[in-house]
Amino acid sequence: MGRDVRSLSSPPDTGKLLVKGLTGALTKRGASVSALPERSYLLMDQKQDLALLAGYDRVCGFTLRDDVPATWLHVQTFPLQAALMAEDDFPFSLAGLVHVSNEMTQHRRVSVSETLRIKVWADNLRPHAKGAVFDMRGEIHVGDELVWEGTSNYLATGAKVAGEPVKAERLAAPAVEPSQMWRLPANLGRQYAAVSGDSNPIHLSAATARLFGFPRAIIHGMWTHARALAALGGRLPSAYSVRVQFAKPILLPGRVFFASEQSDGDWAFSVVNKEGKPHLVGDLTPL
């Protein structure tokens, strides 16, 4: 049976979808799950917003240029991800998901002037020691050319999927001292939400974060991912694959440290706290 493809004429409203996701948290509670919906969302002829890109670059530390960051292309897929996960027949609550890891491949530089065709779907449901995990997959084409693809792995705590969990590979942090310190203001989550569309309450304020068990707001994992790539600056190749794993959340306001090391052309990098414990670990391979 083929996957149901739903074509959209414009990006979905992520604010409304996140509200719907909060409602879903009351009804989608740790049930046994056997499958994900066989559905994908397709957005044709999507133009990129130059003003929004400028704000994104400022918040994440990139230099504004014609070529867009790979993580900006992930942001273009997020409204479609949210739409799929907010559907009534999607088995997990959007509000309760934990972003575990992210992988993306940028096959070539992409200009902000290029029109994108964006496709998103969910697959690879499997058991996890703390519940169930699945992948949100995305592809971006310019014309008939695949220019970017990515996978976000999410954990639904307490959910049940048949089978035995397989221990995931852990990325190794670079064995070097941090070279940068980042000071993160209390409103950074609101700044990033404004340019990414991800307005999950855990990122917006201490009051809303406490509703989900956090003492203060936490910054988005994809902000940390983007800031790490921005820290590599002009050393980023034109085409590459990058993987990151998210560990300890970063509370706002806060202070974190960035370390990176290059070996045989590949990069290893991490974002750590003052004790050296990782918030994020990643690697990057030129293509």
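Reader: Which residues have the most contacts inside the largest nonpolar core?
Author: F92 and Y192, in a core of 72 residues. A nonpolar core here is a set of buried Ala, Val, Leu, Ile, Met, Phe, Trp, Tyr and Cys residues joined through side-chain atoms within 4.5 Å. Buried means under 20% relative accessible area, with a 1.4 Å probe and protein chains only.

Reader: Which helix gives the largest share of this core?
Author: α3, with nine residues. Helices are DSSP runs (H or I, at least four residues), numbered from the N terminus.

Reader: Experimental or predicted?
Author: This is a predicted model; local features need pLDDT of at least 70, side-chain atom pairs count only at pLDDT 80 or more, and totals for chains, interfaces and linings use all residues. Residues are numbered from 1 along each chain as its sequence is written, and side-chain values use heavy atoms, leaving out hydrogens and water.

Reader: What does Y192 touch?
Author: Y56, V59, C60, V75, G197, I219, H220, M222 and W223, leaving aside residues up to four places away in sequence. Contact means heavy atoms within 4.5 Å.

Reader: At what angle do α3 and α4 cross?
Author: Roughly 75 degrees, for α3 (residues 70-85) and α4 (residues 188-196), with axes that come within 10 Å. The axes are lines fitted to C-alpha atoms over the stretch in contact, and angles run from 0 to 180 degrees between N-to-C directions. The pair is therefore roughly perpendicular, a label for 65 to 115 degrees.

Reader: Which residues make that contact?
Author: W72, V75 and F78 of α3 meet Y192, V195 and S196 of α4.

Methods:
Helix = DSSP H or I, 4+ residues; strand = E, 2+ residues; numbered from the N terminus. Parallel < 35°, antiparallel > 145°, perpendicular 65-115°, else oblique. Buried < 20%, exposed > 50% of the residue type's maximum accessible area, 1.4 Å probe, protein only.
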